[in-house]
Amino acid sequence: MGKEECKTMLDALNKVTACYRHLVIALGSTSDSQNLREELKRTRKKAQELAVANRTKLTSLLKDKTITKEDRAEYERLWVLFSSSMELLEVDMKRSLEIGQDFPLKVPTRHLIQTGMTGSTTTVAARAMSVQNMKYEADSNIDTADLRDLQSEISQVTQMMEEMEMKVQVAPWAVEAKQEAGAELKSNMSVGNSSVGVISICEEEPKEEEGGGGSRDPGFASICAVLVFFVIVTVAVVLGYLVVNMS
Amino acid sequence: SSVKLLLVSLLSSEARNFGSMLVALGYIYPLQDHKRLVIKPDASLYRFQTPYFWPTQQWPVEDTDYAIYLAKRNIRKKGILELHEQEHYNRLHKWMNHKWDFIVMQAKEQYRAAKERKKPDRVVFECQERAYWVVHRPPPGTVSAMDYGLDRRIDPNTVEVTGESLCDLFKYNSCQSCLPSNPWLTDDATYWTLNMPNVEIPTKMRVERWTFSFGELLSDPRGRNDFRLFLKKEFSGENLAFWESCEDLKWGTAATMREKAEQIYKTFLARGAPRWINIDGKTMEVTVKGLKHPHRYVLDAAQTHIYMLMKKDSYGRYMKSPVFKETTKKAICPEEHKFSDNQLEQNARNRRPSLSPIILRQMEEEQKAKMAANVDITQLCRFTTPVPHLAVYSGISDFPSATASPSLPFLAHTPACPSPISVALDSTSASERRVEASEGEGEGNPAARGPVGGNVSRSRMALSLRRLLKRGCTPSTMFASLSPKCHSAAGTSSRIQPISPNQPSQAPPRRIANFFQIKVDIPPECRIYPIESEDEEEENRAASRGGVGAKEIICPWESLTPQNGTG
């Protein structure tokens with residue numbers, strides 16, 4: 001159904017946006033490299049594809065006048081999710097342009113900031129692209145060539161967002177969030193289970209998070225332990241009684 | 001904008017300043033003690049921040065980002081956030097509620113993305129982000145470099161963060177040679193205590209500053225006190241007092257200006273004033289003229305004159321005086337603090353707010369009042385040299401006559417106090433009347449002029465009139481000289497009139513008796529101004545009549561209320 005599909009796509013966009021931000025943060029540092037530039041480019045393009053898809057879907061859903069009020073509220077909530085993601089993406093694209101211009105790679109001496117990061121960001125990019133391993137095929141002048149592309153893409157995205165503002169009349173502040181404070185501590189948070197080629201990461205989050213709330217966990221565990229103890233004691237008492245009776 | 005690292009081969013203190021700037025703005029961050037963005041002169045480690053988190057491009061620091069960061073931190077810390085973080089979190093949850101789903105989603109995704117990296121890089125990434133937010137959302141009790149406040153000089157619309165504005169941001173870091181220690185760095189306020197405005201014993205560096213220029217001496221309250229002490233010993237304290245009064249006038253509230261200007265005139269400028277200052281005739285002329293319509297800067301010319309006088313004359317002598325030598329000898333030079341890390345922590349914990357500015361202001365006012373009460377009238381007429389253009393000083397004339405010879409009769413201990421300010425009320429009409437008055441007896445319209453004496457005064461006036469006419473003086477200047485004579489007419493109350501038109505025409509008897517009395521302990525024969533031989537007889541007569549001893553200056557323009565006695 002339309003709603004589920006929407007949620008899935010939004011999840012994907014959200015994930016790619018998060019990864020993109022992580023990659024942009026690595027720009028200009030010791031993690032910066034040709035590969036990073038290529039990762040940025042591909043992640044960015046994927047984000048835009050998802051953005052367009054989301055926008056089309058959501059606008060068509062919202063334009064539908066026959067939907068119920070609850071549905072409409074839900075779509076508006078999804079719309080706010082979508083536009084927030086887009087805002088983040090646009091900001092990061094602009095920032096990556098500025099930093100990319102400041103830190104050229106094809107120069108005799110690269111002036112990258114010694115931030116202390118040594119590894120690459122390939123795993124993050126792989127997560128964004130939903131692949132196992134990234135393959136790098138770009139030219140060596142990707143840093144300059146990509147910047148030109150980036151500029152045009154930024155203007156495209158800006159334009160898209162302006163259109164969104166104009167065409168879709170959703171008051172973001174009127175939306176009520178479904179998540180309460182501290183919801184991030186619970187796992188399985190996503191809007192819907194995204195299944196669009198996502199690498200299923202083994203939930204490295206500690207078991208306690210699934211219990212719900214850090215502060216509650218010790219109590220819960222101890223109560224369980226006490227119950228088990230009493231069960232065992234009861235069983236032992238019963239057995240003892242039977243043994244006594246038998247003799 | 002390209003990254004320019006200034007290569008500074010400077011003194012280590014300069015380097016430390018620059019380093020402090022870098023760390024406070026977030027270009028580098030400390031690995032230990034991450035909340036205190038300072039450069040410590042030890043072996044602690046710092047790391048460069050990634051360009052995304054630099055403040056250079058002045059990208060807006062969004063609350064959305066902060067909320068996402070707090071949510072990520074919540075996940076990482078399993079719900080245990082610091083107090084100020086919790087507060088921010090709750091506040092943002094309330095105000096950004098409509099975006100909260102997005103924030104939670106992003107937080108989780110960003111958290112997972114970061115986990116994709118190798119452990120050491122993940123740690124670095126977390127440190128970077130944390131450092132960024134320490135800069136832009138400083139924990140309580142820390143100083144934020146992003147807090148420009150009133151010192152902000154850069155235009156918010158410009159893109160560049162210039163070096164100059166960076167320096168302005170760090171004024172507190174500019175006390176390079178702070179002894180014993182820079183309070184901003186060590187949390188020890190001794191430096192401030194030792195350098196309070198009116199501390200008993202100043203520091204050596206402060207005393208040295210006074211030798212740089214006269215301006216330095218005056219602008220430091222402690223220096224000014226010392227200078228005042230010296231002047232008191234030299235009996236030229238009125239210069240500094242006048243200068244201070246001028247400052248007070250310039251910086252005071254508009255409501256009090258008129259009153260202050262009158263007070264200054266009475267105390268410093270009028271003939272026979274208790275603390276008469278010695279300024280040249282031209283300046284006096286200009287000043288008195290300006291006092292008719294007083295404004296904030298009316299005394300500027302006189303003030304500058306006195307300032308230059310003090311600078312050229314007294315200042316040099318002060319530098320060689322025993323007062324200054326004594327102060328220099330007693331000045332202290334505190335030892336530099338060497339705090340260990342533990343001590344620094346303790347200092348940070350023991351930070352206390354300083355005295356409330358309200359209390360400080362009260363103390364200032366009290367001190368001022370005390371000083372005002374202790375004013376010594378150093379004006380002994382023996383020491384003052386008369387100035388030619390006496391006629392001008394009365395201030396009522398619209399056209400000060402430069403031709404008037406200093407021959408006007410004047411009683412030694414009866415200063416003329418017609419305030420030019422109040423005369424201005426009806427100056428034009430007054431002058432006209434004066435012109436008429438000169439023809440005959442006329443003491444002029446009582447309401448327009450200062451108090452006019454009784455019969456004795458009138459006769460005296462007539463005498464003077466005739467004399468002046470002979471000499472071709474303008475009647476106005478002549479008229480001015482007549483005012484002081486009024487006091488001699490003790491008893492003839494009816495003629496004494498205040499300047500202000502609203503005043504009752506009848507002055508209370510008590511007034512007359514006190515009228516034009518000075519609180520000056522000078523023998524009657526002492527004369528401030530040259531007096532014509534012809535008048536001496538009159539003077540003496542007046543003097544004997546007027547009474548010797550403690551007299552007080554009262555200005556005629558004051559409202560005649562029963563309790564109003566002093567000028």
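Let's start where the two chains meet: in this predicted model, chain A and chain B bury about 4900 Å² between them, and carbon and sulfur atoms give 59% of that area. On chain A's part of that buried area, A:I25, A:R95 and A:E184 supply 15%, which is more than any other three residues. The contact takes in 64 residues of chain A and 48 residues of chain B.

What holds charged groups face to face here? The rule finds 5 salt bridges across the interface of chain A and chain B. One you can look up pairs the side chains of A:R127 and B:E109, with N and O 2.7 Å apart. Polar contacts turn up too: there are 19 such residue pairs between chain A and chain B, counting pairs where both residues have pLDDT 80 or more. Now look at which parts of chain A do the touching. Helix 3 of chain A gives the largest share, 12 residues. By type, that side of chain A divides into 25 nonpolar, 21 polar and 18 charged residues.

Keep helix 3 in view as we go inside. The largest nonpolar core has 91 residues, and the members touching the most others are A:W79, A:F82, A:M86, B:W100 and B:I103. Helix 3 of chain A again gives the largest share, this time 11 residues of the core. Pick A:M86 and look around: leaving out residues up to four places away in sequence, A:M86 touches A:L13, A:A51, A:V157, A:M160, A:M161 and A:M164. Apart from this core lies another, of 39 residues, including B:A241, B:Y265, B:W276 and B:M284.

Staying with chain A for a moment, find A:V175 in the loop between helix 5 (142–167) and helix 6. Is A:V175 buried or exposed? Its relative accessible area is 7%, and the cut-off for buried is under 20%, so A:V175 counts as buried. A:V175 and A:A73 are 102 residues apart in sequence, but their C-alpha atoms are 7.3 Å apart in space. Beyond its sequence neighbors up to four places away, A:V175 touches A:E76, A:R77 and A:V80, plus B:H98 from the other chain.

Chain B has 24 helices and 2 strands. Of its 567 residues, 50% are buried. If you take contacts in chain B between residues at least 6 apart in sequence, 69% of them join residues at least 24 apart. B:R206 is an arginine, yet it is buried, with a relative accessible area of 8%. Among the residues B:R206 touches, not counting those up to four places away in sequence, are B:L194, B:P197, B:D220 and B:R222.

Most residues other than glycine have a negative phi. B:Q58, though not a glycine, has a positive phi of about 50°. B:Q58 sits in the loop between strand 2 (46–48) and helix 2 (63–76) of chain B, and is partly exposed at 29% relative accessibility. B:F235 is also not a glycine and has a positive phi of about 60°. You'll find B:F235 in the loop between helix 11 (221–234) and helix 12 (237–251), where it counts as exposed at 58%.

Finally, back to salt bridges. How many are there over all chains? The count comes to 43. In one of them, the side chains of A:E90 and A:K94 meet at 3.2 Å, N to O. Both lie in helix 3 of chain A, 4 residues apart, about one turn of the helix. A:E90 is buried, at 12%, whereas A:K94 is partly exposed, at 38%.

Compare that with B:D187 and B:R351, whose closest N and O atoms are 3.0 Å apart in a salt bridge. This pair links distant parts of chain B, 164 residues apart, with B:D187 in the loop between helix 7 (183–186) and helix 8 (190–194) and B:R351 in the loop between helix 17 (341–349) and helix 18 (357–373). B:D187 is buried at 15%, while B:R351 is partly exposed at 41%. Salt bridges that share partners also join A:K7, A:E74, A:R77, A:K178 and B:D101 into one network.

Methods: Residues are numbered from 1 along each chain as its sequence is written. Chains are lettered from A and ligands numbered from 1 in the order in which they are written. This is a predicted model: local features need pLDDT of at least 70, side-chain atom pairs count only at pLDDT 80 or more; totals for chains, interfaces and linings use all residues. Side-chain values use heavy atoms; hydrogens and water are left out. Contact means heavy atoms within 4.5 Å. Buried area is the accessible area (1.4 Å probe) that two parts lose on being put together, summed over both. A salt bridge is a side-chain nitrogen of Lys or Arg within 4 Å of a carboxyl oxygen of Asp or Glu. A polar contact is a pair of N or O atoms within 3.5 Å; within protein, one must be able to donate a hydrogen and the other to accept it, and residues adjacent in sequence count only if both atoms are side-chain atoms. Ala, Val, Leu, Ile, Met, Phe, Trp, Tyr, Cys and Pro count as nonpolar, Asp, Glu, Lys and Arg as charged, and the others, Gly among them, as polar. A nonpolar core is a set of buried Ala, Val, Leu, Ile, Met, Phe, Trp, Tyr and Cys residues joined through side-chain atoms within 4.5 Å. Buried means under 20% relative accessible area, exposed over 50%, partly exposed in between (1.4 Å probe, protein chains only).
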